[in-house]
Amino acid sequence: TPIAILNIQTGIRLIHNTKYQAPVVYSVNAKYDISEFLSLRASLATGFRAPSLKELYLDFVDTNHDIHGNQDLIAETSLSTNIFIQYSCSSSRKYIWGIDANLFYNNIKDNIKLIPGIIDLTKYSYYSVDRFRTKGVEISFNNNVYPWLTIQFGYALTGQKI
């Protein structure tokens with residue numbers, strides 16, 4: 001905490017995987033208290049996910065399914081960003097209300113997806129999709145009428161691009 005109204009947290013993770021070369025995964029999170037009622041948070045993080053045993057080796061075939069693992073899958077890596085602003089106000093100790101807004105963006109490289117075959121659409125297998133991106137916005141209103149009653153409603157919009 002460089003100053004009382006600014007809080008910065010960092011993280012680093014070293015991962016060992018016997019089949020996949022894992023990168024160093026890191027994160028940076030910051031919270032800035034603009035005023036007593038208004039705060040801003042931002043984060044940046046990387047990620048890594050190795051394929052599961054099911055995605056690599058499972059063959060599941062019956063009258064309703066024809067799913068096959070793929071031993072050639074590539075591990076996923078990702079970059080995620082998030083900006084969150086929060087306003088909360090209290091007219092009394094019992095009545096608290098607030099508005100939250102959140103913007104996010106995720107970029108996943110080699111995203112693992114279950115996809116139907118090109119020739120036989122009933123036969124599925126797991127594939128590493130080159131890029132998968134999501135972005136969106138969330139807005140919510142919070143209202144604590146009583147200590148035992150909270151009312152919250154919001155709106156979220158998420159888009160994706162492959």
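Select Arg49, Glu55 and Glu76: salt bridges link these residues in a network. The model you are viewing is predicted.

**Stop 1: the network**

Start with arginine 49. Its side chain meets that of glutamate 55 in a salt bridge, 3.3 Å from N to O.

Next, show the surface. Glutamate 55 is buried, at 10%. Glutamate 76 is buried too, with 10% relative accessibility.

**Stop 2: another pair**

Select lysine 31 and aspartate 33. Their side chains form a salt bridge of 3.5 Å, N to O. Lysine 31 has a relative accessible area of 26%, so it counts as partly exposed. Aspartate 33 is partly exposed as well, at 24%. Why can such pairs form? Side chains of opposite charge can pair when their charged atoms come close. The count of salt bridges comes to three.

**Stop 3: a nonpolar patch**

Now select Ile3, Ile5, Tyr32, Ile34, Leu40, Ile83, Ile85 and Leu103. They form a nonpolar patch on the surface. Together they have about 650 Å² of accessible area. Finish on isoleucine 83, one of the patch residues. Isoleucine 83 lies in strand S6, residues 76-90. Its relative accessibility is 45%, so isoleucine 83 counts as partly exposed.

How values were computed:
Residues are numbered from 1 along each chain as its sequence is written. This is a predicted model: local features need pLDDT of at least 70, side-chain atom pairs count only at pLDDT 80 or more; totals for chains, interfaces and linings use all residues. Side-chain values use heavy atoms; hydrogens and water are left out. Patches are made of residues with over 30% relative accessible area and no salt bridge: like charges are joined within 9 Å, nonpolar side chains (Val, Leu, Ile, Met, Phe, Trp, Tyr) within 5 Å. Accessible areas come from the Shrake-Rupley method with a 1.4 Å probe; for residues, only the protein chains shown count as cover. A salt bridge is a side-chain nitrogen of Lys or Arg within 4 Å of a carboxyl oxygen of Asp or Glu. Helices (H or I, at least four residues) and strands (E, at least two) are DSSP runs, numbered from the N terminus. Buried means under 20% relative accessible area, exposed over 50%, partly exposed in between (1.4 Å probe, protein chains only).
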